[in-house]
Amino acid sequence: MDNTPYQLDKRLVRESFDRAAAGYDDVALLQQEIGNRLLERLDLIKLQPQRILDVGAGTGQLSLQLTRRYKNSEVIALDLAPAMLKQAKQRMGLLDRWFGKQRFICGDADHLPLANDSVDMIISNFAIQWCSDLDQTFSEFQRVLKPGGLLLFTTFGPDTLKELRQAWRTVDENVHVNSFIDIHDIGDAMVRSKLSDPVMDTERLTLTYKDGMGVMRDLKAMGAH
């Protein structure tokens, strides 16, 4: 039985999301729903950021909404996959392109191409599960955040895809489905990286499919296979 966790190859991750970019929005319904819920949290936060970093911006839905919410702020959309950023640029209207302060950077969350203390807010929707070393990821977040800055992120919990994982166990004992980090371990990594006052919570959403092949088709279509 192989219990060795996956060591993610960022090159393969980038290539996978590049291939999926054109049709990503058609299947990423969960990501869109959770992204909207994440933005709703900002209604309770009085921070008026001058510079916002969207880590794992994908096709730019969240970045564009942030640009319109914080009209005087610079929004940096960062993603590992160039094709995703191309989709994000195309999402912007002419007025947003001419008068907006949005920037696009192809880069890795584990090695952010930004200066120390350079952003007021980091927001990341379903991206950190593609980072193998959360201590490194959160250390980078802490490095580029200004003192008093805000980090908001979402990721998948350990019960994600448990039905698919159980189905594969009827085939063999090898690892076929990614394992996701427990919320307590994520919080511990944040503390180790000197991110102060972490607040974590969990929401459970259920997507229903007719069969396992439907799940795997959607995962492949969104580049998450």
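Visitor: In which loop is K194 found?

Guide: Welcome! This is a predicted model, and here K194 lies in the loop between α9 and α10 (212-221).

Visitor: What is the phi of K194?

Guide: K194 is not a glycine, yet its phi is positive, at about 65°.

Visitor: Is K194 buried or exposed?

Guide: The relative accessibility of K194 is 67%, so K194 counts as exposed, since the cut-off for that word is over 50%.

Visitor: Let's move to F126. What is its phi, and where is F126 found?

Guide: F126, a residue other than glycine, has a positive phi near 55°. You will find F126 in the loop between β4 (119-125) and α7. With a relative accessible area of 12%, F126 is buried, because buried means under 20%.

Visitor: Now the helices, please. How are two packed helices described?

Guide: One gives the angle between their axes and the distance between those axes. In this structure, α7 (residues 134-144) packs with α9 (residues 183-192) at about 50°, and their axes are 8 Å apart. That angle makes α7 oblique to α9.

Visitor: What is the handedness of the crossing where α7 passes α9?

Guide: The crossing of α7 and α9 is right-handed.

Visitor: Which residues make the contact?

Guide: From α7 come L134, D135 and F138; from α9 come I186, A189, M190 and R192.

Key. Residues are numbered from 1 along each chain as its sequence is written. This is a predicted model: local features need pLDDT of at least 70, side-chain atom pairs count only at pLDDT 80 or more; totals for chains, interfaces and linings use all residues. Side-chain values use heavy atoms; hydrogens and water are left out. Axes are lines fitted to C-alpha atoms, for helices over the stretch in contact, and angles run from 0 to 180 degrees between N-to-C directions. Helices (H or I, at least four residues) and strands (E, at least two) are DSSP runs, numbered from the N terminus. Angles under 35 degrees count as roughly parallel, over 145 as roughly antiparallel, 65 to 115 as roughly perpendicular and the rest as oblique. A crossing is left-handed if the near helix is turned anticlockwise from the far one by less than a right angle, and right-handed if clockwise. Contact means heavy atoms within 4.5 Å. Buried means under 20% relative accessible area, exposed over 50%, partly exposed in between (1.4 Å probe, protein chains only).
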